[in-house]
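Here's a quick briefing to read alongside the model. Grab your viewer and follow along, topic by topic.

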Amino acid sequence: MTQTLTLRRPDDWHLHLRDGDMLRAVLPETTRHFARAIIMPNLVPPVVTAADARAYRDRIMAAVPNSDSFKPLMTLYLTEDTDPEDMAAAHAEGLITAVKLYPAGATTNSASGVSNFDNVAKVLEKMAEIGLPLCTHGEVTDPDVDIFDREAVFIDRVLDPIRRKHPELRVVMEHITTANAVEYVQANDKNLGATITTHHLVINRNHILAGGIKPHYYCLPVAKREKHRLALRAAATSGDARFFLGTDSAPHTDENKLLPCGCAGCFTAPNTMSILAQVFEDENALDKLEAFTSLNGPAFYRLPVNEETLTLTRNEATFPPHIQTPDGPVTVFDPQMTLHWTA
Ligand code: NCD
Ligand code: ZN
């Protein structure tokens, strides 16, 4: 039996690092394993201009542990006031790697997101022209749409029309949670990729709701029924280059999770690689792990793969239930299974 598994160093194509004390507490959990990450811009206030992205990048770089080398791939938060020229200049100088679309009100800190998509048409045109990818939080916010249907409805009502209007726009469907999204990606060859989180490969909605409510499994998009989890596992382990890892590791203090109206987000940075190795082993697809974590993402983003490697060892991995931060403890995602790979 394989005792070690060496991969090209993975990248995380969707990560929340926050800022200040929280940033300094959570960043080492990512840089220990990952060479690069797409950094979500949903700070308060959000990262909307090139100047914001530059300043945030510098704060991240100042927090990288000396032992690690890490490159944050910055994003801008798309608003109805985004200036196409500022954005294009940031892209030209290599400062930003993508632009993030949050429908207004869809998730944590998304109040400045887009309500009227006609108001961002010029920005999307520019992005298509310069090859700058759009990362989408794919959920509609219409209160009449059931929360479990919001991703599927987004594909029909928002995503597909945008892609028809801007066929050259390169789009990443972020943290997909449904068989509908998997099928949409599979049916579209060009300019479309999707990230899948670690936790959506592990939990379905029963884990959140059956036998008592589990706030630490609540994230957005919310986990769906089992058939969707199985579709995600099949896509992730297939080797299909359109699917790649975006952990959506989203730390919140326990205090903010355990409220009558608790925050959405699963914190998976510490144990993501151990969990993924276990999932891929359970699916008899360990040979596809490197494609998912280290090859498909760079191919979509037209970046070189990492030269460095990460070696996993076959022995039982254990994790602390939470990490300490100056703001309070942050609970680490519990996959509720024995993990046989240590990263
Ligand atoms: C994210 C966060 O906490 O910033 N939460 C989450 O549940 N994934 C926001 C997001 O990506 O939706
Ligand atoms: Zn996210």
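Glu283 and Arg233 bring their side chains together in a salt bridge, with N to O at 2.6 Å. Keep in mind that this is a predicted model. The two partners sit in distant parts of the chain, 50 residues apart: Glu283 is in the loop between α10 (272-282) and α11 (289-301), while Arg233 belongs to helix α8 (residues 226-236).

**More on that pair**

- Glu283 comes out as partly exposed, at a relative accessible area of 33%.
- Arg233 is a buried residue, because its relative accessibility is 9% and the cut-off for buried is under 20%.

**Other salt bridges**

- In total, the structure has 18 salt bridges.
- One of them joins Glu93 to Arg54, with 2.8 Å between the closest N and O atoms. Glu93 is in the loop between α3 (84-92) and β5 (96-101) and Arg54 is in helix α2 (residues 50-63), so this contact ties together parts that are 39 residues apart in sequence.
- Since Arg157 lies in helix α5 (residues 150-165) and Asp142 in the loop between β6 (134-136) and α5, the pair ties together parts 15 residues apart in sequence.
- Is Arg157 buried or exposed? Arg157 counts as exposed, because its relative accessibility is 51% and the cut-off for exposed is over 50%.
- Asp142, for its part, is partly exposed at 28% relative accessibility.
- Then there's a network: salt bridges link Asp189, Asp240 and Arg242.

**Zinc site (ligand 2)**

- Which residues coordinate the zinc ion (ligand 2)? They are His14 and His16, each through NE2, plus Asp248 through OD, at 2.0 to 2.1 Å.
- Along the chain, the donors of the zinc ion (ligand 2) are spaced as H-x1-H-x231-D.
- Why is the site of the zinc ion (ligand 2) irregular? The angles among its four donor atoms run from 91 to 140°, and a tetrahedral call needs all angles between 85 and 135 degrees.
- For reference, the ideal angle for four tetrahedral donors is 109.5 degrees.

- Ligand 1 has 15 residues around it, and the closest are Asn42, Thr107, Leu220, Asp248 and His252. Asp248 is also one of the residues that coordinate the zinc ion (ligand 2).
- A polar side-chain atom of His252 is 2.7 Å from an oxygen atom of ligand 1.
- On the backbone side, an N or O atom of Leu220 lies 2.8 Å from an oxygen atom of ligand 1, and a polar backbone atom of Gly265 is 3.2 Å from an oxygen atom of ligand 1.
- How much of ligand 1 does the protein bury? Taken alone, ligand 1 exposes 310 Å², and the protein buries 100% of that.

Terms used. Residues are numbered from 1 along each chain as its sequence is written. Chains are lettered from A and ligands numbered from 1 in the order in which they are written. This is a predicted model: local features need pLDDT of at least 70, side-chain atom pairs count only at pLDDT 80 or more; totals for chains, interfaces and linings use all residues. Side-chain values use heavy atoms; hydrogens and water are left out. Donors are N, O and S atoms within 2.8 Å of the metal (3.2 Å for Na, K and Ca); water is not among the atoms, so sites may look incomplete. Four donors count as tetrahedral if all angles lie between 85 and 135 degrees; four count as square planar and six as octahedral if opposite donors are over 155 degrees apart and all others between 65 and 115; anything else is irregular. A residue is near a molecule or strand if one of its heavy atoms lies within 4 Å of it. A polar contact is a pair of N or O atoms within 3.5 Å; within protein, one must be able to donate a hydrogen and the other to accept it, and residues adjacent in sequence count only if both atoms are side-chain atoms. Accessible areas come from the Shrake-Rupley method with a 1.4 Å probe; for residues, only the protein chains shown count as cover. A salt bridge is a side-chain nitrogen of Lys or Arg within 4 Å of a carboxyl oxygen of Asp or Glu. Helices (H or I, at least four residues) and strands (E, at least two) are DSSP runs, numbered from the N terminus. Buried means under 20% relative accessible area, exposed over 50%, partly exposed in between (1.4 Å probe, protein chains only).
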